[in-house]
Amino acid sequence: MRLLVVEDEPDLNRLLKKRLEEAHYSVDACLTGSDALDCLPGAEYDAVVLDVMLPGISGLEVLRRMRNAGNGVPVLLLTARDGIEDRVTGLDAGADDYLVKPFAFDELLARLRVLLRRAGGHTSDVLTLADLTVDCTARTVRRGGEPVALSSREFDILEYLIRNQGVVLSRERISRHVWNYDYEGGSNVVDVYIRYLRKKLDEGRGPRLIHTVRGAGYVLREEV
Ligand code: CA
């Protein structure tokens, strides 16, 4: 899952990127509102962590412009302890949640999980399809009750597929959600990982769940 972090304090910006990457998110980090507005149209983020107090274009202004442009990506605001007005304005302007600084990193992670669940219409971080179970928090996979060992990248792609099960996803869309701007591998790398996933998940394990839709991309679904 891919996140945009907008935070002007360089140390906190670096720390957020590092800790979120350790939690297996792919992260683009911006220091200003105008950088954020540059990053947003070219990517498909699964959530945005947005500091309210930014020099120049404020976090609230970034949020307003996003929503006016029809961008409905979940937004978590970072606000000051005395920023009640910002929080109310932010929620009214379309923010999905907020955290008051200073915050515990574990709480940030928990709030992000809630936003991502809600956005996908799921009630749990344990997602299932047929006899496949993917635990997005523990990052474990089972098929037919048996554990399946995946690499980190394989898991990232499977997580995106199962969060969007039944939806045909183009290679570009998959790569835009799984890799950040630093990645230059191109979308055909998705094909390589899909091959690995099929080998581990589908071969000799009952009905195929990963399907190719010619000219469109891939879809995870149970075919009847
Ligand atoms: Ca700030």
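Predicted model: local features only at pLDDT ≥ 70, side-chain atom pairs only at ≥ 80, totals over all residues.

Biologist: Which residues of the largest nonpolar core touch the most other members?

Modeller: In soluble globular proteins, nonpolar side chains tend to be buried together. A nonpolar core is a set of buried Ala, Val, Leu, Ile, Met, Phe, Trp, Tyr and Cys residues joined through side-chain atoms within 4.5 Å. Buried means under 20% relative accessible area, exposed over 50%, and partly exposed in between, with a 1.4 Å probe and protein chains only. Here the largest nonpolar core has 46 residues, and Leu20 and Leu108 touch the most other members. A second, separate core of 21 residues includes Val6, Leu40, Leu54 and Val62.

Biologist: With which residues is leucine 108 in contact, leaving aside its neighbours within four places in sequence?

Modeller: Contact means heavy atoms within 4.5 Å. With those neighbours left aside, leucine 108 is in contact with Leu16, Leu20, Val49, Leu76, Leu99 and Phe103.

Biologist: At what angle do helix H1 and helix H5 pack?

Modeller: Helices (H or I, at least four residues) and strands (E, at least two) are DSSP runs, numbered from the N terminus. Axes are lines fitted to C-alpha atoms, for helices over the stretch in contact, and angles run from 0 to 180 degrees between N-to-C directions. Angles under 35 degrees count as roughly parallel, over 145 as roughly antiparallel, 65 to 115 as roughly perpendicular and the rest as oblique. Helix H1 (residues 10-22) packs against helix H5 (residues 105-120) at about 60°, and their axes are 11 Å apart. H1 is therefore oblique to H5. From H1, Leu16, Arg19 and Leu20 make the contact, and from H5, Phe105, Leu108, Leu109 and Leu112. Nonpolar residues are Ala, Val, Leu, Ile, Met, Phe, Trp, Tyr, Cys and Pro, charged ones are Asp, Glu, Lys and Arg, and the others, Gly among them, are polar. By that division, the contact of H1 with H5 has six nonpolar, no polar and one charged.

Biologist: How are H6 and H8 oriented to each other?

Modeller: The axes of helix H6 (residues 152-163) and helix H8 (residues 188-201) cross at roughly 85° and come within 10 Å. H6 and H8 are therefore roughly perpendicular to each other. On the H6 side the contact is made by Arg153, Glu154, Ile157, Leu158 and Leu161, and on the H8 side by Tyr193, Ile194, Tyr196, Leu197, Lys200 and Leu201. These residues divide into eight nonpolar, no polar and three charged.

Biologist: Is the peptide bond from lysine 101 to proline 102 cis or trans?

Modeller: Most residues other than glycine have a negative phi, and most peptide bonds are trans. The bond from lysine 101 to proline 102 is cis, with omega near -5°. Proline 102 lies in the loop between strand S5 (97-100) and H5.

Biologist: Where does histidine 24 lie, and is histidine 24 buried or partly exposed?

Modeller: Histidine 24 is in the loop between H1 and strand S2 (26-30). Its relative accessibility is 34%, so histidine 24 counts as partly exposed. Although not a glycine, histidine 24 has a positive phi of about 75°. Arginine 139, also not a glycine, has a positive phi of about 55°. Arginine 139 lies in the loop between strand S7 (132-135) and strand S8 (140-143). With 19% relative accessibility, arginine 139 counts as buried.

Biologist: Which residues does leucine 115 touch, not counting residues up to four places away in sequence?

Modeller: Leucine 115 is found in helix H5 and is buried, with a relative accessible area of 2%. Residues up to four places away not being counted, leucine 115 touches Pro74, Val75, Leu76, Asp96 and Asp97.

Biologist: Where is the place of valine 52?

Modeller: Valine 52 is in the loop between strand S3 (47-51) and helix H3 (59-68). Its relative accessible area is 4%, so valine 52 is buried.

Definitions and conventions. Residues numbered from 1 in each chain as written. Heavy atoms only, no water.
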